[in-house]
Amino acid sequence: MSESDASQPPSPEEVVERFRGDVARVKDEVGKLIVGQENIVDGVLTCLLAGGQALLEGVPGLGKTMLVRTLAGALQLRFSRIQFTPDLMPADIVGTTVLTEDDAGHTKLEFRPGPIFANIVLADEVNRATPKTQSAMLEVMQEHSVTVSNRTHVLEEPYFVLATQNPLEMEGTYPLPEAQLDRFLFKLEVGFPTRDELHEILDRTTGSKTPEVTPVLDREGILRMRKVVRDVAVSRAVRDYAIRLLEATHPERPSAPEKVARFVRFGASPRGAQALLLAAKIRALFEGRFAAAVDDVRWAAKPALRHRMILNFEGEAEGVKPDAVLDDILAAIPEASPD
Amino acid sequence: MRSLPPSLTRAEAAVRRRLRAQRAANAASTMALAGLGMAALALGVAKVAGPDALPGGLRPWIAGALALPLLAGVGAALRPVAALLPAQLLDRAHGLASRLASAREFAAAPEPSPFMRAAISDAGAHAEGLDPRRAFPLRRPRDLGPAMALAAGVMVLVGLDVRRELPTAPRPSTTLEPLLVDADSLEGFASAVRPVLEDRETPEELQRAARELNQVLEALADRRLERSEALRQLQRLEARLAEGRPANAEAMEAALQEIGRDLGRASLLEAAAEALEARDSAAAADAVTSLAERLETETPSRAELRALRRALERAAEEREERDIDRLDREVERAERLLQRERERSEAEEGERRLLRRRQRQLERLQRERDTLTERRRRLERLRRELRQSAEDLNRRANESPRQEALRRLAEELNRHAREQLTEEQRQALERQARQLREMIRRLQQQQQQGGQGQPQQGGGQGQQQRLRRFVLQAGGQGGQRARLRVPGGQGQQGQGGQGQQGQGGQGQQGQGGQGQGQGQGQGQGGQGSGGQGGQGQGGQSGDTVIELTPGGGGDTLVEIPGMGGGQGSESGGQGPGGGESGSGAGSENGGAMLQDSATDIASNGRNTRVEGQDGAGPTRSEVILGAADRGFASRGYGEVFTDYEGHAEEVLERDEIPPGYRFYVRRYFQLIRPRADASGAEAPATANESETP
């Protein structure tokens, strides 16, 4: 590369190409241990690159923790895991200030950061902690900072929280409050693997040789990729489509489909639209495009909005799934604006 | 602003055109429904009520109906298409993930970012091979099917020929109302016609006429005949019967009577003479035949034979034929006039019309002369036979073949008897036809009067109908005569025959067989009993009297209480009443005598004698007025009638008068004809005639 070439910023094509290369490398490393679950991997990567958090929901044993650990292994970042339990206290995850004595014999108060101080935090079974502890995560997840003893500690970027929860075991759990749910960029539902995938899983995990995951992407690379995501162009039509989808989740809006009007109590917040657009941009980059498309928004609609809609009593009583409501919304909202 | 790749622009333009076309087709098909509906409505109105029923006529409506989808299509095509819509459709059809739509939007951005420019370039790279048809395939307009169906309906409507009533002048009502005649009346007529049909010796032409009359009766019974048509057929039938009438049969019989009187001078021919005087040719023939047979076995005296020969010679003498001579003179005069007018001028229309009248008059006179000539020819043949018989008797008085002469005479009388019988049948048919026509005419009058009874006729309509039916059924038998009277309450004209009838009215003298009862409602029925039971009676005002006059027997008088009239009759009969006197007036000196007895003494009747006065006699108007009061039996009235009828006939022949009106005029004169001449001989009477005032 010549000197003049080095002084010029890379073209979008080059940037996108590099982006896609980095993502591919990460996926390859994750794929060494994680069989299938491409959508989950894409979703987790999308949350990482968008700067948001991800909530993984699935029954135990589907590889949620393994996925996060593998991802952390592929990235040259600090990783910590917090197992949420009912007796877990906020200080246990945030950290505490302790009295210490130095070599000169002076004592001082020293902050001992909790496990939350990492680049990738796995909050395992987050719904088992008490609301008090769960709420300790609010500032971290949104502000990427922790305030302890009137002193705010900014966390190092990239900061990425991956929370998991079990949808079946409701005994002794504390459902996440709406405010905390809204802070997750995606809520990903981990499905059961297919038969072929199970074969592959068994092969890889029951043999004598365990695959080694090597870091392929460092902290700077991730930050650079995050910046590239922000540069992706979004047309007004695509943005308008995202907004109309968001509006359609509100039962009081005229564009709301019949199911929304009947089963939804509150629609998604504007954070939902932000999540839609960011996710759409990242998907465009994944596919080598320079602008987000309507299809990207549609792809991101369910993981970005399913946890942001609050069903009413009738919806809960009827067992209505948010994804079914979103299917209706996607079918009802046309791609082109009627205006 | 960056330019988009030409391939993308072209593809977008193509898609935009297709979008406009589809919109135009959709709008046109939708509006075609409205237009075709409007056209169908307009066509329907035009077919049913005519094009003038539509404001402005049919054409503007059809033009509007055609223009409606056209305008809608053009309007839809000109409506702007969203700028991004073609690109979005192309993106979706080709799976380009909004590349084209985003590129179009980015191209319009004032300061596109590097990623925007890269997106535009990327769109350009994917713009090759775009297929507008895939992006927007044209579909059949959603309303095309119903519009086509409606168009087919309109085409059917166009070809449909709806018959409608043109608003022309209302046509005159031509509804044919079948004539309703009750079955009893028709059966009466049919029973009268039946003997003519069943008689095998009836001439063919009479049989045919009887069959025609029977057909008319059947048609009336089946209600297949309308009034005017029935009258027309009856008139035609009467005309045919009149044509077939033997030449002046009445005069012929009068001549036979005269011959009978001449033959009566011989004692041998006394029976035949009486039969001839009674106008019975068959009996006369039998009498002559029996005489011939008697002469084979018996030898009459010379005096008897001489008297027989003289009687035959006298009967063979020709009488003066004044009528024929008069007619000959009139025919000659008419021919001269006609010839002169022909020679004078033919230029003017008036002259030609006069000429035609003269021609018709001449033809009428010639026909009349022909009939008289025929009569003379037949009488001449009879007299020839008589003369031949007399000569035979004279020449071979003692020879046996004298019987042969009498047999030839009997044969001639027999032939005449056959003709007489045929004439009676013809008259019977003519009478039935005339009565049927009269009944049809009265049915119409009754319908016009709404079926209400006429108070002055003294009874309900139904009662009159029953009486009339009774008379019809009683009449129609050969030789019988029936008369129905439904007086208005002021007395009725008496009627009798042969100078023997009694006189109606109480205590008044019946003179000359004619008179009228002036019942006035006071008479309590003086009961006259003449030599043969003639009677006079005065009913109360409003009574109805039915007189049935059998040909050979006494009359029958039927009085129905509540209906009135005075009546004299020939013989027999009992008139109820009695009591207080009635007043009546007789007129005309009677020739033969009154055979009725004097007024019942028990009643308070009063005799009145009217003396004739010398002088010039009454004027014509006085005669007519007198006839209205006293009846149509005086000699003066007969002369006036003859004069007036001749004048009327002449006018009818001369002027152009509708045939129907001619019938009424002749019918009028027939009704007011003289009933009998001054000598007491009754004029030809119409049997079975019913009268109403």
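In this predicted model, A:Val121 stands opposite A:Val161 in strand S9 of chain A. A residue is buried if 20 or more other C-beta atoms, placed from the backbone, lie within 10 Å of its own.

Residues are numbered from 1 along each chain as its sequence is written, while chains are lettered from A and ligands numbered from 1 in the order in which they are written. Because this is a predicted model, local features need pLDDT of at least 70 and side-chain atom pairs count only at pLDDT 80 or more, whereas totals for chains, interfaces and linings use all residues.

**Strand S6 and its partners in chain A**
- S6(A) and strand S9 (residues 160-165) of chain A run parallel, joined by 4 bridges; strands pair if DSSP finds at least two bridges between them.
- Strand S3 (residues 79-83) of chain A also runs parallel to S6(A), with 5 bridges, and A:Phe79 stands opposite A:Ile120.
- In a regular strand the side chains alternate between the two faces of the sheet.
- Here A:Ile120, A:Leu122 and A:Asp124 point one way, A:Val121 and A:Ala123 the other way, and all are buried.

**Chain A as a whole**
- Chain A has 15 helices and 15 strands, which are DSSP runs (H or I, at least four residues, for helices; E, at least two, for strands) numbered from the N terminus.
- Of its 339 residues, 43% count as buried.
- The mean pLDDT (the predictor's confidence in each residue, from 0 to 100) is 86, and 96% of the residues of chain A reach 70 or more.

**Where chain A meets chain B**
- 17 residues of chain A are in contact with 17 residues of chain B, meaning that their C-beta atoms, placed from the backbone, lie within 7 Å.
- Helices H2 (12-33), H10 (236-248) and H13 (294-305) of chain A each give two or more residues to this side, and H10(A) has the largest share, 3 residues.

**Helix H9 of chain B**
- Helix H9 (residues 204-221) of chain B has 18 residues and reaches 25 Å from its first C-alpha to its last.
- Its buried residues include B:Leu206, B:Leu213 and B:Leu220.
- Seen down the axis, the buried residues of H9(B) fall within an arc of 115 degrees, so they line one face of the helix; the arc is that of the directions from the helix axis to the C-beta atoms.

Terms used
Contact = placed C-beta atoms within 7 Å. Buried ≥ 20, exposed ≤ 12 C-beta atoms within 10 Å, placed from the backbone. Expected span 1.5 Å × (residues − 1).
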